[in-house]
Amino acid sequence: MQEFSLLHPLSSEYVENRLTEEAINDLSIDFLLDNLTESRNERGHLRNLMTRVTDDPAVIRYRCDVFEDFYRFPKLREVMEELVARLSDLKDVARFQKDQEGPSLWSLVNRLREIDEYVSCITLIKKTLEELDIRSEGMRTLLKIVTDIDRESGFPLLKTDIDETMEQARRLKSITIGVNLDGMLRPKSAGVLSLNDTYFTDAGLMKRFMHFTNKQDGLHEGTDVSGMKQFHPANPSTAEIKLVSYQKSAVSNDVHIEESTATGNDTLSNALTKPVSNIMKKTCDDIKSTLKKYVDVSGYMLINLMPEILFYVRWAELIDKITATGMPLCKAEILLPDDRNCSFQEIYNLKLAINKVNGDSINIITNDIAFDNERRIYILTGPNRGGKTIFTQAVGLAMMMAQWGVYVPAASAVISPCDNMFTHFPADENDTVDLGRLGEESKRLAEIFDTATSRSFMLLNESLATTSVAEGLFIAKDVVKAMRYLGVRCIFNTHMHELARSLGELNAVEGTSRAESLITGVQRGERSFKVAVAPPQGVSYAKDIARKYGVTYEQIRMHLDGRSNAPQVKE
């Protein structure tokens, strides 16, 4: 059977790129994981999925539709999470298909139990999907697969076979063992004398053994145990034994017996595996025959779906919580990658919404943004703490969420997917010791351009701001010109207002990505956190802030003039 996945259609051929560690950090992927799951194991699976990027529109649409089914039906999430819990105990089932050498009773019985659990899992998922109005290609394909498995594998007959063989195996209640001793009365070798269909129940077994070996009775002559009913009071007579007996002593020398809670995994069990399996050969052969008959039961593919199921379940749970806060969320419309267009209405930073879910009382401001033939590079300026970084990150997260297939933090989203997301945020000071800050930032920018394509997306946050304005501006202009020439989409968040005033120079070079000035606003001295396409307004921002706090020249002079010890100004 073809490999089935909930992340991509059958037979799809698509390319994935990995986010850089810098992008993972700058997009706060670990923060998202903290709020998606508390399980360390789940976290690893989700991180692996969330750091892989594909721009294949068919794959992304497929994911969007699957997620929507998970989001629409809480019952589906509940059943799928139960399925994952049951499958987690069966990860070793692939071992069963590799069994080669002679029959091992314990191994085969475990395999039988595992396939029985698969039957239950297939039945559970089939019943659930049949009851729901699932619409996605992925979930409908899954329903068809489990339906075909159920029909073509003859599950009713399989269930009967399993019950019968398990019942046969369960009839084995006890084993009579003969142990040879050396001159120091240490176990030398052991052999199975019989398999019994009743338990030993006499609590005085040790007492009987001591009585049996005392001087009064002497040692038992020979190895014939037919008359030793007193020693094994719970052991049925030879005529009553329903399971075949085995009288030949076997196994290796120097048997060491030690306790273990894992049946079939302790030293004694290992020593007895061959004799028991030989005695139970017919039973073992019947079990193995049953398993081989159903070896193609494709329930095994469910194990590969576990990380994908968890991905959709955890994201649907988080989106549910954000929806409850009243913030807008939407399913993205996916365009062709070569269009390089992108637009969001009422976009906001997912991290703020998560903080709101966690109890923070915050007023989240939404914004609109579009990337198209008129503008693909935004040079974002504004006051300190005016929301530039929050907005820059919001766009990056929204793009990634759309491409993961989950709902986007916006009222509407239309995107041409990117082949990778590159970020360039301020580095830790410890990372700049060897090259200096300017050298380190320049090196990272060069590495980005080594890999980026016209389909890529870049987020630059206060890049090249750690040097003099003149030096930083010189390099920044060349970087923007290179982005225009390459054709990428970008938000360049900066304090270099002169860069945003140089649009004519920047757009004069050859390229298909036009640069535009974007500002974060201040209204009546208050930061509005709203963005708009407009020329940089650094001076007006400063005047607004100065006026708000009363530090304009006119305000300070009026204040000074009103004081009793106002300075006397000589003309």
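Predicted model: local features only at pLDDT ≥ 70, side-chain atom pairs only at ≥ 80, totals over all residues.
Local features require pLDDT of at least 70 and side-chain atom pairs count only at pLDDT 80 or more, while totals for chains, interfaces and linings use all residues. Residues are numbered from 1 along each chain as its sequence is written, and side-chain values use heavy atoms, with hydrogens and water left out.

**Overall make-up**

The protein chain has 21 helices and 14 strands; these are DSSP runs, with helices (H or I) of at least four residues and strands (E) of at least two, numbered from the N terminus. Of its 571 residues, 47% count as buried, meaning under 20% relative accessible area, with exposed over 50% and partly exposed in between, for a 1.4 Å probe and protein chains only. Among contacts (heavy atoms within 4.5 Å) between residues at least 6 apart in sequence, 75% join residues at least 24 apart.

**Packing of helices 2 and 13**

Helix 2 (residues 29–36) packs against helix 13 (residues 301–324) at an angle of about 85 degrees, with the axes 10 Å apart. Axes are lines fitted to C-alpha atoms, for helices over the stretch in contact, and angles run from 0 to 180 degrees between N-to-C directions. Helix 2 is therefore roughly perpendicular to helix 13; that term covers 65 to 115 degrees, whereas under 35 counts as roughly parallel, over 145 as roughly antiparallel and the rest as oblique. L32, N35 and L36 of helix 2 meet R314, W315 and L318 of helix 13 in this contact.

**Aromatic contacts**

Rings of Phe, Tyr and Trp (its six-membered ring) pair if their centres lie within 6.5 Å; planes under 30 degrees apart count as stacked, over 60 as edge-to-face and the rest as tilted. The count comes to eight aromatic pairs, including the two tabulated here.

| Pair | Centre distance | Plane angle | Class |
|---|---|---|---|
| F67 and Y407 | 5.2 Å | 70 degrees | edge-to-face |
| F311 and Y312 | 5.3 Å | 75 degrees | edge-to-face |

Because F67 lies in helix 4 (residues 57–72) and Y407 in the loop between helix 15 (388–404) and strand 9 (412–415), their pair ties together parts that are 340 residues apart in sequence. F67 is buried at a relative accessible area of 0%, and Y407 is buried at 10%. F67, Y71 and Y407 form one aromatic cluster. In the other tabulated pair, F311 is buried at 2% relative accessibility and Y312 is buried at 0%.

The charged end of K351 sits over the ring of F31, 5.5 Å from its centre; this requires NZ of Lys or CZ of Arg within 6 Å of the ring centre and within 35 degrees of the ring normal.
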